Structure formats: structure tokens, C-alpha cells
Amino acid sequence: MDRKQCCVKLSVQPSRGLMDEKFIVLVQNALPGSQLTIRALHQCEDGHSWEAFGHYTADTTGTIDVSEDPSIRGTYSGVEQMGLLWSLRPIPGSKPGLRMRKKNIQTPMEVTISVYQGHQTEGFADLVPLSGVVVERWYMAPGVRRIPVTEGGLTATLFLPSGPGPFPGLLDLWGGGGQLVEYRAALLASHGFASMAIDYLTSKFTMETGKMVDNQYFETAYRVLQQHPQVCGSKIAMIGLSFGTSMTLKMAIYSEVIKLSAAVCISGSHVQPVEGSVEEIMGFFQKNAGKTRFNEKNEAIWRDLLLPIPTDPSLKADVGRLQCPLLLVVGEDDQNWPAQESALDIKEMMARAGNSHLLTVLSYPNAGHLIEPPYTPHARSSTFKTVEIQEKVMCLWGGQTVEHSRAQEDAWKKILFFLRENLYGDRNPTLFSHL
Amino acid sequence: MSVLRCFSFSRGALWCVTRPHLQECTPTSRRLLSAMTQVVPPILSVTPCRALVDEKFKVLVENLPPGCPVTVRSLHHSEDKDDWEAYGHYVSDHSGVVSVSEDLSYGGTYTGKEPMGLLWSMRPVPGSRPGLRLRKMNVCTPMLVTISVHSGHEGFRDQAPLASVLTERWYMAPGIRRININEQGVQGTLFIPPGPGPFPGLLDMWGGGGGLLESRAALLASHGYVSLALDYLGFDQESENLEFKYFETAFNIIKDHPQVMPDRVGIFGLSLGSLVAVTLAAYSTIVKPCCIVCISCNHYYPARGSTVTSKFEGVTRQLSKARVNEDNQVIWKDVALEFITDPSNIAEVGRINCPTLLVNGCDDQNWPTVETAEDVARLMREAGKEHLLSRLAYPDTGHLIEPPFSPHFRATTFVMRSSKEKVILLWGGQTKPHSDAQEDSWRKILSFLQFHLYCGPNLKAKI
């Protein structure tokens, strides 16, 4: 055993962190000036292996600090403190079209970070690293409670922060793929919001009856959240991505029951038949399916389905009627939805209506459709199945990895700040009693 | 309609609100109804929420009214089912923030600017059994600490907390393997860091209290050392040779492990454990530790004809003459001092040939470790080995110098091994200086180990 090699020490702090927390990867006791590769390896729940790596040169003290030193090349380059996570991609030879999504959020994502001699680019499985550590990345902070919700026919999961509360509430919606996706709600609960992830496309009700849910379903979710003893009923927001945006705007503007304190709409559009049911809105998109384009890799581009942005007001949610602050998050390279065009139109509509002071738009060049919590590996395309189309399609989401990852980090910070401002910010309560 | 949540800030009135359901109240919805408040609670955060026990955290309270008196409190329910707490009194700044890392505590179990005061100043809650000591026996699970913020200073416990979070404090980093050792007569627990290795090794021993404490070995493994927590007081060893053999075998189990660098194995001992370290280093012909760390060092080693453990028995019999103070706490230091003034009663530490770190507290009431350290220094100097010795001595610090942020115990109950008698032993130390010593010494111990076990003089550079 090479004595020199044995002394290299690798540490990652913190070794257990939340998914959106940064860590510091440090190599010490290396030979000054030596070439080393730092690599991350993760096996996801589906059994696929993901890796990321950077090439470094130890300084005169034999140290590499990933938060300060540049990677010369690899799956990321430059000074990238979290590059080992956001640049993770399936190892060579993997099935195409993979996307990393954690289903079981009660266990951490485990990442093995290792340091290898020399500048390696492949065949890591056959190499013995100099040193390796295991890092845990959690969606749930300690004490966050996960509560399945079936009341009122809902298929949902409520995440409550630890502590007595009351907490502001959040309804969390994903997009056209359906399913009950919990990770963002779990992470938001770790930041002090009682968050309910809702399955509104493939709920138990829909699977059993074949019927799609409608406004009442969302209103039931709102009421269940509002009535929870640990939820501050007058401080509830909604966050939606993709088709979830359509639902969020629909409820924020048209529901008599749902009174939101704030809304966050990521990678979506306001284009929808006003007064349309959920089913009709889906049908509206389907009608335009012929506008689907395919790129040279045969990946489906769906952004044109809603273009051009209609001038007919009956085909756009009337954002001029919004009464709560709205945060729009837009990837300018979104190939799946025309989020940028929609944002521009929303801005115009709100300016005309005089409520544009409620609007904030975050627009990111070269970011794609799937703007997820920070350090989530970027998927420029992946296999996807909506509830309408029963077969899997290779969908082009868009985005360039570096800019997309930066966008995720920046957007998340601003989303948390926006939610906090609007849900926690009021310290001058009005007192009224209907006893 | 029930009123569920009322908060009173010292400045404000009682804010409490109920609001009926927006639609007509049916019996069902009335049943489902819950009161709502318009009051928004403060935001409490602990970063990181999961950490190793020797890592620092930042406790932050936001969204308070400005100039608001609050108490930040920690609470831990131990494995022995006792409750431990610490708390500090703060006043929020102009922006409604209390930062435990930056702000001053005006009172409580700690005062001043103490980022980690909520841990190291913990003590049993009022009304607890006396003489308690906090030790985690199961190191595979984290120590759970609830940090909460309460309104006001005096009488803060009378009301429900305004906010609380749970934080995890771990002895084991992710990926560490814990292996029960029961081979060649040796019993203990081995902790192996993740990664290919090879790693330096450590033989880890606690003191005369007996039992197998794994916490420090687990933590050392989290810092990159294959560590064996050795169980060595449970055995009836008849002859000295047999017993020495026990420690030598344990040492070799580590040394021979495929993931250990055989010439980079050290010994770490506290109290009686440090006596084992010192005697192995001085007398063993079988094992050659690469370095030794001795906390609250003990070099009492009379007439070679008895074992370490039976020496301890002998000592404790004589210690029954020890002084008892006005609080009925037993002080062994003075009686023990008499023993070690006789040169035939001490180990020949001049024979030690490896780097040695001594750590002791100057207010140690359990063993004359100050005099011991002086004596060791003198003997090593006379033998020309002074260059091998490093010493750390801390004022107002007691006998039980543990990893950082562990609560300080000035005196705890102790069961005498031979007579099974329960006494209260005085360990010494004052909480704040003792805690500072734990933090400072741990950093220096890790640095000492890293220097001698990770990048020692044998390192050969390859072009």
C-alpha cells in the first residue's frame, strides 16, 4: 500500500444536510501540486448510478477546498462549491432520458464523495480512491411530521414543521405527470411552512372513477389546511409548477373559497379556457397537440401548443383580478411551456388592470422548464408520460446545465424570501372575533 | 369554538382570534372547525439541524417584535429518562432578531456571547435526581435536542413555547461501520470510517467507572481513525501478564485490521484508561503505540505484581479514607496524592518512546492530575524524552474532560466496583472554564492525532 496515498484526508461539512444547504468539500494532506479528482456517486431509488467529478490541483499546503478552488475540467469547471451535486448525471452506459426524483423523502439521499489520484474521467468503478466519505442530503428536517391526508377524498400529504405553530400554510402542486410528489413540500416544511403536496391528476378518486377532479377538490384541500389547528388559516399560499401553475392561477383568481396570501408560479402559463374545468383545460392543450415539434434528437417540444398567446380574454386567466402577490419563475430556454411569453403577457395584463405592483418576475436565461430545488441535477430532456398521453415520450425541457443550476439556486432563495415576506411578515394582526 | 393559541409578548396585548367557517356551520364543519389566530409566530432556526456532536450550530430567532425579551431554551430527554436543559435570556434587536451566536445572554444557565451555551451548560431540570451524568450509550442514533423560544425571562416556563425545532447531534458520521468485537478474549466495539482506507488506528479507553462507552471512539472514527472502544473492567484477571496481554491483543486487533496502517496506531485514555496507555507505552515489548493521548493522567503503578484493574481495586479500598466535603461529595485527590509521592508506586514513564499528549484540569478533585503531569514531565525530562511530551492544563477544569459541548458534571454518583456502594464523587471544575477546556483540548487533540497518525515523519514524497 502506497504510504503517501494513505495520508490524504477528505472531509465534507456538514456530512448531513438539507437538500438546499451548501457543504464544504475539503481535501488535506495531499502532495502539494498533485493532481486529484474529486468524484460524487449516487445510486438513486430506481437503481441507476449518477456521478459527477472535478479535476483539481492541490495547493502548496496540499489542500483543495472545493468552495474556493477551481475545477479545471469535469462535469463542472471553475469554482463550484456544489458542483458535485448539481452536475450529477447518469454514468456512461445508462438508459437515456433519466431524471432524478426522490419518492421516499423520509430517508436521505446518500452520496459517496471520493478523491482519486490523477485526473480521471472514466472507469472510476475500477479505481481505488485515496479516500471517501458518505454524505446525507435530507428533504425533511428533524421533527418535521409527515401526515397522509385522505379527508374529503383528497390524495395528499401534509408536512408540518416542528414546533407548536401555528404555521402559514402552503398548497404544493406539480404538473401534468400527476402522482403525489412530496419532496418540495417536505423541504418547504423544513423552512417553517405547513405544506400540503396534492395529487390532483391521479388521485384515488380519479383512478377509481375515471373522472377528473375540479375546483372543489382544491377548495377541500384549502379548507383542510385552513382548519388544521397548527395552521394559521389566514396565511395560505399556493405554489405550482407547469400545469400546477394553471391550477394555481385558476384558484387564486376564480375560487370563492380559496383566499391566497401569495402565489408562486413556476414554468407555467395563464393561457387556459376561463371557466373551464380541469378536464376542459387539459383538453384545450390536447387539441393543440398537433403543434408539437421534434428536434434532431426526436425530443418533443411542446412550448408551441399555447402559442401564440391569445388575445381573446376568454382564453387567459384574468390576472388583472389577482388580489395577492404573485411570483413568476421563468426559464427562458423552457421548451415545454411558453413561460417567458406568458410572463410578458401577464405583465401587460396586470399593468393595464393596475395591479402590477403585485407581480414579481424572475426570468433566467438558458434555464429550462424543470426549475427544482437547488442542486437537483438538471435534466435537459427525459422520458415523460402525461395523464392524457398514455405512452412515454422523450420530452425536451430545455436549459443549459450551468445556468439552469444557478437559476435553481437563485430562484429557491427568492421563493423562500417571497413566501416568508408574505406569510410571516405581518406582525400587526387585526383583532376580530365572531364568538 | 375553542381558542387554541394565545401569545403574549411583553409589549403587546393578548392577541387571540377565532373566525367562523366561511360557509354555513354544519355540525360536521363545526366539528372540523378550529380556531385560527392572526398572530404570526417567530421563526426559529438551528443550522445545521443535523450535526456531529463536536460541530457548532447557529441558533437564530427572527420575526419577533423589536426589543422583545425572550428565553431560548434547549431540552434533551436522556436515555436514562432524565430531562436536561439549558437556557439563555435575550432581547431581540431593532429588526426583531436574536442570534445566539452573536448576541449576549443576560442570564440563564450561561451568560455572555456563547454560541454553544445551549449545549454545554445543560444540567438536569429542577427536581431531578441528584448526581446525574449524561452519557449516550447507543451511538447509532443521534442525541435529540429541542431548541425552543419562550416569551419573557422570569417564569418563561409557565407558558408554551412560541416556536421550537428539533436538532440532531450525532456521534457517528454517515457511512461509519460499527462492529462488535469479541475475539481472542477481547471485548469492545470497533468503528471504521467509510472509504477504502487504510486508516490510522486508536485504542480508546475510558476510566474506572466501567461499562463500555462508545461515544468517543465513534466520534474519532468520524474524524478518520479506526477506533476500538475497549471494555476492560469487566474481567477477573489473575495475573499481570494475562492482563497486559489483554491490552496488547486489543491493540493488535486494530493493528492487524486490513484497513489499518500498522505503524500508525495510537492509544487514547482517560483517567484509568490513561494509566493503561502510559504503561503499555512504557513497558510493553509487544506493542509500540505511534502516539498516546492521556486525559486526566494517572501513572499510579505500584509493585509490578498486580494488574491495572486490581491496582484500581486496591486504590479504591484505600480511598475509603478519602475526604468528604460539606455536600457529601467524595474527594479522592488528596488521598491519591499520598500514594503517588512514593516513587516506587509510579510507572517508569521515562521509558516511553512515542509522542505523548497530557491533558488535565487544574481543579481536578478526583485524581492529582496536576501533580501527575508535573511528575511525568520531570521523569521524561530526566530520561531525555522531553521532546516527546506535550501538555495542556486548564484552570478551573475538572477530571472528566470530554468531547466539546458535553455538559459539565462537577460531581456525579459513582458505584464502587468492589463494594457496590454508591457515592457521589467530586470531579471538580466550574462549568464555563471546563467547557472551554473541552472545546480547546478536543481541537488540539485532533490536531495532535492528525499530525502523528496522518502525516508523520515517515511520509516519503514521491515525484
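Colleague: What makes B:His399 count as buried?

Modeller: In this predicted model B:His399 has a relative accessibility of 1%, and buried means under 20% relative accessible area, exposed over 50% and partly exposed in between, with a 1.4 Å probe and protein chains only, so B:His399 is buried. Residues are numbered from 1 along each chain as its sequence is written, while chains are lettered from A and ligands numbered from 1 in the order in which they are written. Local features need pLDDT of at least 70, side-chain atom pairs count only at pLDDT 80 or more, and totals for chains, interfaces and linings use all residues, with side-chain values taken from heavy atoms and hydrogens and water left out.

Colleague: Which residues are listed under "active site", and how do you know that they gather at one spot?

Modeller: The unreviewed UniProt entry lists B:Ser271, B:Asp364 and B:His399; its positions are given in the numbering used here, feature names are shortened, and annotations may be inferred rather than shown by experiment. These residues span 129 residues in sequence, yet no two of their C-alpha atoms are more than 11.0 Å apart, so they gather at one spot. Of these residues, B:Ser271 and B:His399 are included in the lining of the largest cavity, where a cavity is a set of points, on a 1 Å grid over the protein atoms alone, at which a 1.4 Å probe fits but cannot get out, a pocket is an open set with protein on both sides within 12 Å along at least five of seven lines, and lining residues have an atom within 4 Å of a point.

Colleague: What surrounds B:Ser271, and is B:Ser271 buried or exposed?

Modeller: With 13% relative accessibility, B:Ser271 counts as buried, and its place is in the loop between β16 (260-270) and α5 (272-283) of chain B, helices (H or I, at least four residues) and strands (E, at least two) being DSSP runs numbered from the N terminus. Neighbours within four places in sequence aside, B:Ser271 is in contact (heavy atoms within 4.5 Å) with B:Gly207, B:Ile295, B:Ser296, B:Asn298 and B:His399.

Colleague: Why is the pair A:Glu182 and A:Arg146 called a salt bridge?

Modeller: A salt bridge is a side-chain nitrogen of Lys or Arg within 4 Å of a carboxyl oxygen of Asp or Glu, and the closest N and O atoms of A:Glu182 and A:Arg146 are 3.0 Å apart. A:Glu182 lies in the loop between β12 (167-173) and α3 (183-189) of chain A and A:Arg146 in strand β10 (residues 145-149), so the pair ties together parts 36 residues apart in sequence. A:Glu182 is buried at 7% relative accessibility, whereas A:Arg146, at 31%, is partly exposed.

Colleague: Which salt bridge does B:Glu374 form, and what does the pair tie together?

Modeller: B:Glu374 pairs with B:Arg391, the closest N and O atoms being 3.1 Å apart. B:Glu374 belongs to helix α8 (residues 369-382) of chain B and B:Arg391 to strand β21, so this bridge ties together parts that are 17 residues apart in sequence. B:Glu374 counts as partly exposed at 45% relative accessibility, as does B:Arg391 with a relative accessible area of 36%. Over all chains, a search of the whole structure finds 38 salt bridges, and B:Arg73, B:Glu85, B:Arg123 and B:Arg157 are linked in a network of them.
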